[in-house]
Amino acid sequence: MQLKVMNSPFSEEQADTLNKLLPSLTETQRIWLSGFLAAAPQSSTVSVLSETTTNLQAQESESAQAKPATRVVTILFGSETGNCQSLAEGLKQRLDERGFQVALSSMDDFKTKELKKVEDLLIITATHGEGDPPDNAISFHEFLHGRKAPKLEGVRFAVLALGDLSYEFFCKTGKDFDQRLEELGAERLYPRVDCDIDFDDPAAEWIEGVLKTLGEANQGAAAQTAQDNGQSSTAASAYSRTNPFKAEVLENLNLNGRGSNKETRHLELSIEDSGLSFEPGDSLGIYPENDTPLVDQIISEMDWNPEEPVTVGKQGDTAPLREALLHHFEITVLTKPLLEKAAQYSEANGLHDLLKAGQEEALRTYLDGRDVLDLLRDFAPWTFGESEFVQILRKMPPRLYSIASSYQANPDEVHLTIGTVRYTAHGRDRAGVCSAQIAERTEPGEYINVYVHKNPNFKLPENPDTPIIMVGPGTGVAPFRSFLEEREELEAEGKTWLFFGDQHFRTDFLYQVDWQRWLSEGVLTRMDVAFSRDTEEKVYVQHRMLEKSKEFYEWLQEGAVVYICGDEKHMAKDVHETILSILEQEGGLSREEAEAYLTEMRKQKRYQRDVY
């Protein structure tokens with residue numbers, strides 16, 4: 001717009017000057033100038049205007065230099081327990097500090113129509129169960145592998161996959177995404193990295209590689225900011241997965257009655273002065289120690305020196321062999337990668353035959369229920385010594401347990417519900433590493449190494465008036481004890497409904513006194529139980545849900561959030577199928593419509609699962 005002299009109080013020379021200046025101003029300069037002219041003294045206007053204009057131009061120039069000219073970086077995560085989300089959020093922070101434009105989203109929340117607009121795509125995903133995507137990645141995984149997936153020429157991508165080597169389909173979801181993105185024409189920005197349970201180091205290397213490839217370290221100031229932020233973050237959280245807290249055991253009780261087929265421990269730990277905090281739905285990681293007799297049998301089998309120093313960390317730290325096997329390495333689970341490494345030190349035909357193509361079923365059969373001692377006995381003689389042996393072993397992974405208490409109610413304590421695993425296989429009695437340690441070798445006054453594992457995908461609704469339905473048979477009931485403790489502490493008004501199941505009412509009704517008290521006080525609105533061995537025909541939680549299908553559907557219509565916790569292979573699938581049946585029966589939906597209803601519930605965070 002041109003300023004005309006005839007319509008203004010300015011001289012022709014002034015108008016000419018303004019007409020040259022105004023089109024060149026940025027929006028920020030225009031806003032500042034209008035406010036300045038309204039407020040500044042007339043005598044100082046020209047000098048200050050000149051100085052400020054110079055400063056603004058300098059700032060814009062510096063800003064343009066400081067901010068790298070980058071494409072938008074889109075980070076999508078698929079996370080079951082929160083590890084991938086945490087890594088994705090950390091990566092976003094690193095990119096933000098370097099001036100990149102970043103969009104972060106769970107795969108469920110990402111609008112698939114936006115995929116065509118993506119420029120640089122970073123995917124961080126876990127693999128759940130037997131090669132399945134995490135719950136919040138299912139829809140995106142299906143879309144990307146479907147007919148409607150767009151061509152992605154011009155898109156650059158990188159994939160970080162988290163998994164567990166003890167599963168046959170290790171990191172399959174990450175591998176699926178990596179392959180499919182390439183098939184759709186995208187260019188691999190950085191090679192995929194597959195991480196085992198001990199994911200910290202390889203994930204950090206992938207992140208550093210991605211940052212470098214994207215043009216990391218553009219400005220010394222940005223790098224210094226990142227360093228400062230990293231230091232302050234570390235100081236704010238002294239204890240973590242890589243630096244666990246030594247928690248004192250306060251109580252260790254067997255929740256099952258005499259004559260039960262099970263042993264379920266209620267463990268109370270002190271976290272006083274640790275700085276640790278948690279929310280309902282979070283888990284506690286425990287770093288266990290191996291069974292002493294098993295370690296001694298391995299050393300004896302190989303006729304090794306228990307005091308022989310071996311390397312136990314990437315920094316070259318050493319420990320005596322016996323201590324290393326007790327505290328640092330996993331010896332109770334066999335995996336294909338372990339057998340492949342071990343085969344380099346054995347000439348046994350049986351071992352090499354198991355690893356041949358076409359022997360996958362025989363390999364699965366051998367791995368099931370066997371441990372390192374079996375391996376050493378079955379395929380001797382061996383050519384490795386103590387040092388070479390520990391180098392083929394996997395680091396001891398932590399065990400995660402749902403927290404069964406509320407931080408708001410007990411800020412200095414954390415409670416766990418741990419089912420003891422014991423079984424007989426291949427002629428030997430065996431037990432779960434951590435659960436047996438808690439049941440047999442952990443007394444009040446002793447200490448265990450722990451850290452809080454955040455799970456943002458299993459959380460109470462923000463509105464305390466929202467009704468909730470909780471399905472948790474056996475130890476799956478643990479997080480719901482924390483839910484109700486929290487609701488009681490906060491005096492939440494929302495309705496609550498718990499479905500609990502186990503074998504026998506008399507011996508296996510975990511936390512019975514707590515549930516009865518909460519029922520009487522109204523914290524728990526209703527409870528349905530199923531004790532499968534008390535009746536001639538086995539009754540499980542899904543049967544109780546069907547019996548109350550009308551009420552269950554009414555709660556869903558009222559906006560209830562449904563939580564499932566426990567066994568993934570059987571219970572969770574049966575409960576999922578039951579909810580679909582209720583939607584069909586009470587809502588008059590087709591199977592396809594019922595599945596769409598549940599999918600939408602999941603996207604709205606109204607259908608949450610913590611299954612294992």
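**Figure 1. Surroundings of Ala560 in the predicted model.** Ala560 touches Pro467, Ile469, Trp555, Met601 and Arg606, leaving aside residues up to four places away in sequence; contact means heavy atoms within 4.5 Å. The view is taken from a predicted model, in which local features need pLDDT of at least 70, side-chain atom pairs count only at pLDDT 80 or more, and totals for chains, interfaces and linings use all residues. Residues are numbered from 1 along each chain as its sequence is written, and side-chain values use heavy atoms, with hydrogens and water left out. Ala560 is located in the loop between α21 and β20 (561–566); helices (H or I, at least four residues) and strands (E, at least two) are DSSP runs, numbered from the N terminus. With a relative accessible area of 0%, Ala560 is buried (buried means under 20% relative accessible area, exposed over 50%, partly exposed in between, with a 1.4 Å probe and protein chains only). Ala560 and Thr496 are separated by 64 residues in sequence and by 9.0 Å in space, C-alpha to C-alpha.

**Figure 2. Packing of helices α21 and α22.** Helix α21 (residues 549–557) and helix α22 (residues 568–587) pack at an angle of about 90°, and their axes are 9 Å apart. Axes are lines fitted to C-alpha atoms, for helices over the stretch in contact, and angles run from 0 to 180 degrees between N-to-C directions. The two helices, α21 and α22, are therefore roughly perpendicular to each other (angles under 35 degrees count as roughly parallel, over 145 as roughly antiparallel, 65 to 115 as roughly perpendicular and the rest as oblique). On α21 the contact is made by Ser549, Lys550, Phe552, Tyr553 and Leu556, and on α22 by Ile579, Ile582, Leu583, Gln585, Glu586 and Gly587. By class, the contact of α21 with α22 has six nonpolar, three polar and two charged residues; Ala, Val, Leu, Ile, Met, Phe, Trp, Tyr, Cys and Pro count as nonpolar, Asp, Glu, Lys and Arg as charged, and the others, Gly among them, as polar.

**Figure 3. Aromatic pairs at Phe480.** Rings of Phe, Tyr and Trp (its six-membered ring) pair if their centres lie within 6.5 Å; planes under 30 degrees apart count as stacked, over 60 as edge-to-face and the rest as tilted. By this rule the count comes to 27 aromatic pairs. Phe458 and Phe480 form a tilted pair, at 6.2 Å centre to centre and with 40° between the planes. Phe458 lies in the loop between β16 (447–453) and β17 (468–471) and Phe480 in helix α17 (residues 478–490), so the pair ties together parts that are 22 residues apart in sequence. Both Phe458 and Phe480 are buried. Phe480 also pairs edge-to-face with Phe483, at 5.6 Å centre to centre and with 75° between the planes. Phe480 and Phe483 both belong to helix α17, three residues apart, about one turn of the helix. Phe483 counts as buried, at 0% relative accessibility.

Figure 4. Glu485 is found in helix α17 and is buried, with a relative accessible area of 10%. Not counting residues up to four places away in sequence, Glu485 touches Ser405, Ser406, Ala409, Asn410 and Trp518. Glu485 and Asn410 are 75 residues apart in sequence, and 9.3 Å apart in space, C-alpha to C-alpha.

**Figure 5. Charged side chains over tryptophan rings.** A charge sits over a ring if NZ of Lys or CZ of Arg is within 6 Å of the ring centre and within 35 degrees of the ring normal. Lys495 lies over the face of Trp555, at 4.3 Å from the ring centre. Arg526 lies over the face of Trp497, at 4.0 Å from the ring centre.

Figure 6. Most residues other than glycine have a negative phi, and most peptide bonds are trans. The peptide bond from Ala380 to Pro381 is cis, with omega near 0°, and Pro381 lies in the loop between α14 (372–378) and α15 (386–391). Cys171, although not a glycine, has a positive phi of about 55°. Cys171 is found in the loop between β4 (156–162) and α6 (172–183) and is buried, with a relative accessible area of 1%. Lys605 has a positive phi near 65°; Lys605 is found in the loop between α23 (591–603) and β21 (607–611), and at 38% relative accessibility Lys605 counts as partly exposed.
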